[in-house]
Amino acid sequence: YSDGPEDGIHVQAYAFEEVFAEKVRALAERERPRDLYDVVHLYRHKDARPDRAVVLSTLEKKCVFKGIAVPTMISLEHEPARAELEAEWENMLAHQLPALPPFNQFWEELPQVFEWLHGAEEKAVPPAMPIAAGEDAAWHSPNMAQAWHAPVPFEVIRFAAANRLCVDLRYQGSNRIIEPYSLRRTREGHLLLHAVKHVTGEARSYRVDRIQGATVTKLAFMPRYVIELSETGPISAPPLAIGSRVGNLRDRPWTSGPKYIYECTVCRRRFTRFTYNATLRPHKNKRGEPCYGLTGMYVGMKY
């Protein structure tokens, strides 16, 4: 922006090590589903993985301050709240996510977090999806996918990848259950989604502009390849030819595709969007009063 300060805008934020240690401490002290969910997700961010010695040292100081023992997997397994954590998994998280991963998927990955934290040798990471013939090897997929005025619910696919959940992909008139892994580009400029068919284990690629729909399933998978769709940050893609933008929204060519439904996190009103964008405009609640909700929660898609 032309009126932006020359030295940039600076904000105070927690360091990654501080967030990681705080979430482990919270999990040990109160055992809430959101803490388990966050701890495992922080561990999965291998590109941002901090020095574990720093995380452990920070955790130890937090536990001393709180007057609790440094948590271990054994102590968590013997906590009486363990059963309640599993029982509340759906009640506390289902309304916040497009699809809720199974509890066991996260609980069974938790030992890896503590092994890493205490210095165990890390397991070998899966290989990356190989570069196929005709693909641009110099092009690297940006970190996060979002809609670019095309009827492709790519953010749904990214969410599934981050949560190790299969996707029910609608492609050229038929459906298949896939494990999503990466986004590539051909030398001709076509974007390709690389995935594995869950039932057969066959590697497949799908042209993004031919994807007709995608739904997150509750079917979990163990990654066979590095998941390259689960990190944060904006993704840029070449604009598609969408014709003249005249008239109202009903005249726009991409409105014939899926529509995205968002629910205001404050007043619970639902809104239908033609693009995958959770930002809400000023609106009123069901009583006709101004609502201060600015962000919607994705709840589904319709055609």
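The model is a predicted one, in which local features need pLDDT of at least 70 and side-chain atom pairs count only at pLDDT 80 or more, while totals for chains, interfaces and linings use all residues. Residues are numbered from 1 along each chain as its sequence is written, and side-chain values use heavy atoms, with hydrogens and water left out. Helices (H or I, at least four residues) and strands (E, at least two) are DSSP runs numbered from the N terminus, and the protein has nine helices and 10 strands in these terms.

Because 10 of the 12 residues of α2 are buried, this helix is largely enclosed by the rest of the structure. The buried set consists of P33, D35, L36, Y37, V39, V40, H41, L42, Y43 and R44. Helix α1, with 15 residues, reaches 21 Å from its first C-alpha to its last, close to the 21 Å expected. In α1 the buried residues are F20, A21, K23, V24, R25, A26, L27 and A28, and they pack against α2, α3, α4 (73-77), α5 and α8.

Two packed helices are described by the angle between their axes and the distance between the axes. With axes taken as lines fitted to C-alpha atoms, for helices over the stretch in contact, and with angles running from 0 to 180 degrees between N-to-C directions, the axes of α1 and α2 come within 9 Å and cross at roughly 145°. The contact involves F16, V19, F20, K23, V24, A26, L27 and R30 of α1, together with R34, D35, L36, D38, V39, L42 and Y43 of α2. When Ala, Val, Leu, Ile, Met, Phe, Trp, Tyr, Cys and Pro count as nonpolar, Asp, Glu, Lys and Arg as charged, and the others, Gly among them, as polar, the contact of α1 with α2 has 10 nonpolar, no polar and five charged residues.

The backbone was also examined for its phi angles. Most residues other than glycine have a negative phi, and most peptide bonds are trans. E31, although it is not a glycine, has a positive phi of about 45°; this residue is found in the loop between α1 and α2, and it counts as buried at 4% relative accessibility. R164, in the loop between α9 and β1 (165-171), likewise has a positive phi, near 55°, and is buried with a relative accessible area of 14%.

Aromatic rings of Phe, Tyr and Trp (its six-membered ring) pair if their centres lie within 6.5 Å, and planes under 30 degrees apart count as stacked, over 60 as edge-to-face and the rest as tilted; by this rule the count comes to 10 aromatic pairs. The rings of Y181 and F221 have their centres 5.8 Å apart and their planes at 70°, so the pair is edge-to-face. Since Y181 lies in strand β2 (residues 174-185) and F221 in the loop between β5 (211-220) and β6 (259-264), this pair ties together parts that are 40 residues apart in sequence. Both Y181 and F221 are buried, the relative accessibility of Y181 being 0%. Y181 and Y225 also form an edge-to-face pair, at 5.6 Å centre to centre and 80° between the planes; with Y225 in the loop between β5 and β6, the pair ties together parts that are 44 residues apart in sequence. Elsewhere, ring pairs link Y37, W89, F103, F106 and W107 into a cluster.

R52, in helix α3 (residues 52-66), counts as partly exposed at 24% relative accessibility. R52 and W116 are 64 residues apart in sequence and 7.4 Å apart in space, C-alpha to C-alpha. Leaving aside neighbours within four places in sequence, R52 is in contact with W116, L117, G119, A120 and E122. Across the protein, 65% of contacts between residues at least 6 apart in sequence join residues at least 24 apart, and 42% of the 303 residues count as buried.

Methods
Buried means under 20% relative accessible area, exposed over 50%, partly exposed in between (1.4 Å probe, protein chains only). Contact means heavy atoms within 4.5 Å. The expected span of a helix is 1.5 Å times one less than its number of residues.
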